[in-house]
Amino acid sequence: MSEDDLEPSRQPPVPGQRRWALGLAAGVAVLLVGAAVSTPVLVAGAVVAVASGLLWLGSAARGSGLAEAGPVEPERRDGPAPGRVASPPTLGRSAFLELSTLGLGGVIGGLVTVPAFAFMIAPAFLKQRESPHDLGPVSDFPEGEFVVATFMGRPEQGEVSRRTAFVRNNGTVDGQPSFTIISNHCAHLGCPVQPNTDLNVPHRQYRDVTLIPLPITPAGFGCPCHGGQYDTEGNRIAGPPVRALDRYSFFVRDRHLYLGAPYSVSHVVGTGATARIYKYPFSFPGEHVDGPESWLYPIQPPH
Amino acid sequence: MAPRGSRYERIMYPIDWLEERSGLVGGIRYFLFRKVPGDTNWFQTLGSATLTAFLVQAVTGVVLAMYYKPDPKEAYPSIVHITNDVWAGWLVRGMHRWGASVFIILMFLHMGRVFLFGAYKYPRELNWIIGVLLLQLGLVEGFTGYLLPWDQTSYWATTVGININGTAPFIGPFLAQFLQGGTYINADTLSRFYSIHMLLVPGAIFALIGLHLYLVVRLGVTSPPWSRHPAGSGPVASPPAPPRTGLTSPAPRGGTAS
């Protein structure tokens, strides 16, 4: 009587099992990508994962003899054990208990760890909802001048959410207001860029917004960390940044200027109201948004 | 049952009591007095030095956690409080702050010793891999701990560090968003880094150090490259140790020491 007869569960897995395991892994991967990209992809990944998992279980059960029932010997308590050697390789009681203990332990462990792990990594896949921000009356932004506006992206979080934008009123184009609103996050690695001009000027306060009108138009913007330099449209002119400065979308409501969602910019052609802005989805600093390097970042998490 | 017998037996009674019920004393003796090559070198103490540096970080970190508050409004004032008000706070914080650099430097020196001695070769490859994991976790500790003072230097250095992570191909944007718990550094980022710094990563480091030491004991210490002993030779025969009682071979209870 060999080892194999006693413990059918120790037999090598049938090749089908590996295929379904790979299917399960692929399904989970698609599910995670779908969580970032779109709901249909998420659902498709979930379906593939569940189907592969069930088929894996089925093939594992067949491989370990779970599926075929062998002839059941009546239990006998007298005399020597009946001919166990002759019985076909069915799942013995000890193998069944071993499998079910491991399986139950795995299920319980998964029930505990999977939600905790998902909770930990969830922020990487969730959209941050920042509502539009009121920067105050449009009359606070004189035409053709830059105003440094700092505001709290999430007032309930306090100063930690303070962000800075450089706002220039470009007047109106075809009756529509035009603003150039540049984020101060350096496109190299996210340090705060400064206007290259005298900043020792009085500032105004509107709710949580601090407005610093710059009497002298800056020569551009510069980053103190690694020396990146930008022109007044946010185009990179020197240093390590990989693209132009990010911008904020905006709208005017009740003669107040509201900041909307930020977006990334590869470069800007022209100036002011007539500038042509090459827009891209909001990306982290240091990521190329155009050219071959942008192929390194095919999927952006929802921001 | 009151201990009887010689004075030595009475003194050793608690240790013998523990040994009889747990086997721990024998295990510790086995660990401390195991055979190592006769020509081991001072450079081979770098691993113990690294372990000591880590334990200093663990102990001082536990004490600092009693005063530190991982909240954007409280973090910096609590650091000032530790440094200026708490008795010997400046010392404990200084030990943690400078000990962090000592820990990283010692890890690299230890790694260099293992490389130059060829101690990463068969059968110790797995221990090299565990060591590399420990090095990476140590660097994560340095990165996450740097944010905790919550001053301008740490804030902007962490901004740059997170965005460097963000430029990693394919997973970078997700990694950056995972690290700061959102699109920007926010109110949760500090406590997130604090939890990673004092719970998640130290737990993993403790577990991996346990594995690392287990493999060191199991596989033995390597001789230096200039060793005259042939590689793979068996243990050198040593004269039998004189018989003694107590510790690992307790005399029968109530009997007399020979």
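The buried residues of α5(B) are covered by elements that include α3 (46-65), α4 and α6 of chain B. Those buried residues are B:Val92, B:Arg93, B:His96, B:Gly99, B:Ala100, B:Phe103, B:Leu106, B:Met107, B:His110 and B:Val114. A residue is buried here if 20 or more other C-beta atoms lie within 10 Å of its own, exposed if 12 or fewer, and partly exposed in between, with C-beta atoms placed from the backbone. Helices (H or I, at least four residues) and strands (E, at least two) are DSSP runs, numbered from the N terminus.

This is a predicted model, in which local features need pLDDT of at least 70, side-chain atom pairs count only at pLDDT 80 or more, and totals for chains, interfaces and linings use all residues. Residues are numbered from 1 along each chain as its sequence is written, while chains are lettered from A and ligands numbered from 1 in the order in which they are written.

**Helix α5 of chain B**
- α5(B) has 28 residues and reaches 40 Å from its first C-alpha to its last, close to the 40 Å expected at 1.5 Å a residue; the expected span is 1.5 Å times one less than the number of residues.
- A kink of about 30 degrees in α5(B) is centred on B:Gly99, and B:Gly99 is also one of the buried residues of this helix. The bend at a residue is the angle between axes fitted to the seven residues ending there and the seven starting there.
- After α5(B) comes B:Gly118, with a positive phi near 65 degrees.

**The two chains at a glance**
- Chain B has nine helices and zero strands, whereas chain A has four helices and 13 strands.
- Of the 258 residues of chain B, 27% count as buried; for the 303 residues of chain A, the figure is 25%.
- Two residues are in contact if their C-beta atoms, placed from the backbone, lie within 7 Å.
- Taking contacts between residues at least 6 apart in sequence, 70% of those in chain B join residues at least 24 apart, and in chain A 52% do.

**Where the chains meet**
- The contact between the chains takes 23 residues from chain B and 24 residues from chain A.
- On the side of chain B that touches chain A, the elements giving two or more residues are α7 (152-166) and α8 (172-180) of chain B.
- That side of chain B divides into 12 nonpolar residues, 10 polar and one charged. Ala, Val, Leu, Ile, Met, Phe, Trp, Tyr, Cys and Pro count as nonpolar, Asp, Glu, Lys and Arg as charged, and the others, Gly among them, as polar.

**Packing of α7 and α8 in chain B**
- α7(B) and α8(B) pack at an angle of about 150 degrees, with their axes 7 Å apart. Axes are lines fitted to C-alpha atoms, for helices over the stretch in contact, and angles run from 0 to 180 degrees between N-to-C directions.
- Among the residues making this contact are B:Ile162 and B:Asn163 of α7(B), and B:Leu175 and B:Leu179 of α8(B).
- By class, the contact of α7(B) with α8(B) has five nonpolar, five polar and no charged residues.
- B:Phe170 sits in the loop between α7 and α8 of chain B; its phi is near 65 degrees, a positive value in a residue other than glycine.
- B:Phe170 counts as exposed because 12 other C-beta atoms lie within 10 Å.

**Nonpolar cores**
- A nonpolar core is a set of buried Ala, Val, Leu, Ile, Met, Phe, Trp, Tyr and Cys residues joined through C-beta atoms within 7 Å.
- Of the 30 residues in the largest nonpolar core, A:Ala149, A:Ala165, A:Val167, A:Ile181 and A:Leu245 touch the most other members.
- The elements of chain A giving two or more residues to this core include β2 (146-152) and β3 (162-173), and β2(A) gives the most, with five residues.
- Leaving aside neighbours within four places in sequence, A:Val167 is in contact with A:Leu135, A:Phe141, A:Val147, A:Ala149, A:Phe179 and A:Ile181.

**Other local points in chain B**
- The peptide bond from B:Tyr122 to B:Pro123 is cis, with omega near 5 degrees; B:Pro123 is in the loop between α5 (89-116) and α6 (125-147).
- B:Ala88, in the loop between α4 (75-84) and α5, has a positive phi of about 60 degrees although it is not a glycine.
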